[in-house]
Amino acid sequence: MQAWPIGYPGTDASEPANRAVWLVRRHEWFLLPHVGRSGADAYNRRVKVLAAMSGGVDSAVAAARAVEAGHEVVGVHLALSRMPGTLRTGSRGCCTVEDSMDAQRAANIMGIPYYVWDFSERFKLDVVDDFIAEYAAGRTPNPCMRCNEKIKFAALLEKAIALGFDAVCTGHYASILTDADGNKELHRSAEWAKDQSYVLGVLTADQINHSMFPLGATPTKAEVRAEAAERGFSVANKPDSYDICFIPDGDTKGWLGERVAPATGDILDREGNTLGQHDGAVAFTVGQRKGLSIGTPAADGKPRFVLEVRPITNTVVVGPKEALAIKEIAGTSYTWAGVAPEHPEVEFDCHVQIRAHADPVPAVAQVVVSTMVSTSSTHATHATHATHATHASDAGVELRIIPNEPLAGVAPGQTAVVYVGTRVLGQCTIDRTVSAVPSSSTPSEIPASAISATVNA
Amino acid sequence: MVVYLDHAATTPMLPAAISAYTEAMGVVGNPASVHSQGQNAKRMLEESREIVAASLYCDPIEVVFTGSGTEAINLGIKGLYWARAPRRRILVPGGEHHATLDTVEWLAQHETAIVEWIPLDDQGHIDLGALAAAIDRDPLDVALISVIMANNEVGTLQPIIEVAALAVTHDIPVHVDAVSAYGYIPVNFRALATAGVSALSVSAHKIGGPVGIGALVLGRATTVEPLIHGGGQQRKVRSGTQDVAAAVSFAVAASAVTAQQSVAAGDAETTRLAGLRDRVIDGVASVAPTAVLNGDPERRLPGNAHFSFAGCEGDSLLFLLDAAGVSVSTGSACQAGVPEPSHVLRAMGRSEIESRGALRITLGHTSTDADVDALLRALPAAHAQALRAGMADRVPGH
C-alpha cells in the first residue's frame, strides 16, 4: 500500500522481525486520550485540542477526526496578514477572507467553537522578514518550515497550552507514533506522495508531545477529499495550495525584487573571471540554469549553473553541472525530533532529505566539533541565525551529513532532515557544503554583518 | 446559561418587537399601492415612522428608513458631500466607527474629497480647538463634519453641541453618528438641529428592534444626493419598497426608548445600567488592579465598560470567558474576519500593545446583577490564565 524506498525498516508488517514494531507503532497517538501522561486515569480524560484550521480541506478533516476521537476541540484560524487581500478562488494563499469563512463553516458543521487569532505581527517578523533576510544573505529558506518552527508549533502551541489546551492539531500528513518505551516519535505519513514530515523536521520532543496529526495514516488525498465531502464540508474540492502563502501570485522573484534592493553585479566563474552581468544576486538560487544571460559560452560549450550566491559582493558564481555535486553538508543549527540519539558523536546510518519533495538519500551523520567554525565559512549563519536561539545546538558543534552519493542542488539555508527508516530523527539548517569537485579557487564565504543594509523591508 | 455582555454589538430584541414583526410580515400590501391593502400597509408604515420620530425628537418627514445604521451613515456623509459640491473638505475625528472611516476614505480615494482627521485626547474626546482651527483654515471649502455621538468602543460622549456651534457659524452641515448612543442616552434631534446638526444616523437593532433597518434623520432644509435611485420613495432620498414589518418592529423598540426616557420614568434605566457598569468597573479593578478603564470615566455610555488589560491579550480573555459562558468583545473592529488592534485606542494615543489588551463589556436592557456576578466569578481564573498565555503571539520587545 505504500511505496517506501527499499531498505526502510519497520514498514513491512508482513516481515516477522518488524511486526512487533509495527504493532506498537500503529497506535497513532491522536487516538489515545491523553498527552504526556501515563496511568489508566489519563485514558479517561478528554484531551483539549486546538485545531489550527487554515480553511483548507486537510485541516478541516483533521479537526473532524479529532472531534470523532472524542476530544474537546476548538477551531482556530490564524490571521497571518493584516491585508487579507481579495477573494481568490481556491487556496492560493493563507488567511484570505474566503479561507477564514471556509474554516468557520467547517467548524460550524462539526459543531465546535471557532476563533480567529491574530498572529500577523509574529508571522511578519519570524517568517516573512526572515525569508527576505535569508534571501538577502544568499540562502534559500523554506518559509513553511519557519512557520511551523516559529508560529504553529511555537507561538500558537505556547498560547494554546497556556490557555488550557493539551495539543495542537493540524492537517499535516505525518504520523506521531509511540515507541516501546512510550516516547513519541515523528514519522512519515502512510502516503509517500503527500508526506509532509520534512516540513515538520524542526519539531522538538516537547512540541511532538503536544501535536496531533490525524491525517498521518490516510493512504490518499482522495480519501481525505471524499471524507470531507461525506462530512458536508464545502472545502472538499478546494484546490491545494502550492505557493508561498504570502506571495499569492507565485512570483517570488518579483516579490523579492520589491523588497531587496536589486543592484547590477558580476557573474563570475569558479576561477573568479567575470563572465557577465546580473541585475540582482538575490534573485538567483543555487542550481539555477535559466536566466543567467551570459554572453560568452563556456569553453566546453556546456550549460552553466549557479554554484554560489555572494550577497555582499553582489556576485553570482557559475560553473558546470558537475560542480553542483555536494559530498558533505553541515549545520550548527540542528535539533532532534523526539528522543535524541544516545551517541550522536558516533557516526550513524540514516537517510537525508534536503527539500520537501526530494527523495531521501542514504547517508551517514555525526555530531562533530566544527573544524570550519574558525574560518569564515559559517559566519553568515551565525550572524543571521541569532533568532534561532531555541535550537539546542552548541556553538562550534555541527551536525555533519555525508551522503553515500553526492547531492545536487544543495543551497545554504535549506534544511537537511535526517531520517532513520520512516522516523524523523532531526534536522539542521545547512550552513556549510563541500563540493565533490574541487576547483582551483576555494569558494569564498562572506560574513553577513552588513547584509541588513541591502534589505528594504 | 450564557451571560450576554455584548449589547453594543447587538441587543436582544424585545419580545413585543418580535411578535409585532412576525404579525406585520403576514400583512399583504405595498405601501405605495393605491388600493385598500396598500393604504393599510402605508398606515402601518407611517404610524411606525411617527413613533420612531417621537423617540428621536424629530418630525416624521425627517425620518428616512434605511437598511442599516451603516447605510444611514453612508447616506448622510456621501449624500451631504455630493450635495455640497464642489466643496472638498471633510472634517472627522479619529476613532470613528468604520462606517464613517471607510466612507470618508472612499470619498478621498474615488472622489476629490480631502479628509482631515481631528485628533482625540487620551479619553477619546474630540479636540475642539483643533476642529475650530481646521474649520478656520478654509471654511468655505468644508463640505461637512461628521462626528460620533458616543464612541461605540470606549463609550466616551462627544461634545456634539459644541461641535455644531463651531460649524453653524459657517453654515457647515454636521452629520452625527448616534448608532451607539440611541437608546442609552437621549438623542434629541430638535435640540441638536437648533445647535446646527443637519443629519443623524441610528439603527434599530441597538435598541431591541430588528437587524436590517436603520434611519437617517434629515432636517427639512437639508438636501442630500441619494445613493439609491428608483421609485422615489422617502423624499426621493432612498428609493425602494419600504419594509413595513421591520418599521413596525423598529417602532415597538422606539416606543420603549421613548417611555424609558420620559419624565415619568426619570433616569431609572440609565441609573440601573450605570450601577451595573460600575459594579463591573469595581470588580475588574479588584481582579486586575493594573487594568485601565478606557474612555471618559464620567461622560460615557451608562452600559459601557472598556478596559485595557496589561500583559494579556483581549482575545485570550474573550476565548476564556466564552468558554465560561460569558460573551464579551475585544471591541476591535473585525474587518473581514481578521482581528486588528483597536483603531479607537490607537487614535487615543495608546500603544499597539495596550490596544491588544482591550476588552469591552457592554450592558443593556436584559442585563441583571446576576450577569455581573457571573462575569466577576469567571474573570479571576480567566484573567490569571490569560496572563499566563501572556503575549505568546507577540514579538518580545515590540
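Ala305(B) stands opposite Ile361(B), a residue of strand β14(B). The model shown here and in the views below is predicted.

**View 1. Strand β10 pairs with β14 in chain B.**
Strand β10 covers residues 304–308 of chain B. Strands β10(B) and β14(B) run in the antiparallel sense, and five bridges join them. In general, strands of a sheet pair through backbone hydrogen bonds, either parallel or antiparallel.

**View 2. An open sheet of three strands in chain B, with a helix packed on it.**
The strand order is β9-β10-β14 (chain B), and the pairing is antiparallel. The edges are β9 (292–293) and β14 (358–362) of chain B. Each has a single partner strand, so one side of each is left without a neighbour in the sheet. Helix α9 of chain B, residues 268–287, packs on this sheet. Helix α9 touches β9, β10 and β14 of chain B. The direction of α9 makes about 20° with that of β10(B).

**View 3. An open sheet of seven strands in chain B.**
Here the order reads β2-β8-β7-β6-β5-β3-β4 (chain B). The pairing is mixed. Strands β2 (63–66) and β4 (114–118) of chain B are the edge strands, and each pairs on one side only. From one strand to the next, the twist averages 20°.

**View 4. Strands β7 and β8 of chain B, side by side in the seven-strand order.**
Strand β7 spans residues 197–203 of chain B, and strand β8 spans residues 214–218 of chain B. The two pair in the antiparallel sense over five bridges. Ser203(B) has Gly214(B) in β8(B) as its bridge partner.

**View 5. Ile145(B), a buried residue.**
Ile145(B) lies in strand β5 of chain B, residues 142–148. Ile145(B) has 30 C-beta neighbours inside 10 Å, and therefore counts as buried; the cut-off is 20 or more. Beyond its neighbours within four places in sequence, Ile145(B) is in contact with Leu91(B), Val163(B), Ala167(B), Ile172(B) and Val174(B). Val64(B) is 81 residues from Ile145(B) along the chain, and 20 Å separate their C-alpha atoms.

**View 6. Helices α3 and α4 of chain B pack together.**
Helix α3 covers residues 69–83 of chain B, and helix α4 covers residues 98–110 of chain B. The packing angle is about 35°, and the axes are 9 Å apart. The crossing of α3(B) and α4(B) is right-handed. From α3(B), the contact residues include Ile73(B), Ile77(B) and Tyr81(B). From α4(B), they include Ala99(B), Val104(B) and Leu107(B). By class, this contact of α3(B) with α4(B) has six nonpolar, five polar and one charged residues.

Technical notes
Residues are numbered from 1 along each chain as its sequence is written. Chains are lettered from A and ligands numbered from 1 in the order in which they are written. This is a predicted model: local features need pLDDT of at least 70, side-chain atom pairs count only at pLDDT 80 or more; totals for chains, interfaces and linings use all residues. Axes are lines fitted to C-alpha atoms, for helices over the stretch in contact, and angles run from 0 to 180 degrees between N-to-C directions. Helices (H or I, at least four residues) and strands (E, at least two) are DSSP runs, numbered from the N terminus. A crossing is left-handed if the near helix is turned anticlockwise from the far one by less than a right angle, and right-handed if clockwise. Two residues are in contact if their C-beta atoms, placed from the backbone, lie within 7 Å. Ala, Val, Leu, Ile, Met, Phe, Trp, Tyr, Cys and Pro count as nonpolar, Asp, Glu, Lys and Arg as charged, and the others, Gly among them, as polar. Two strands pair if DSSP finds at least two bridges between them. A residue is buried if 20 or more other C-beta atoms lie within 10 Å of its own, exposed if 12 or fewer, and partly exposed in between; C-beta atoms are placed from the backbone.
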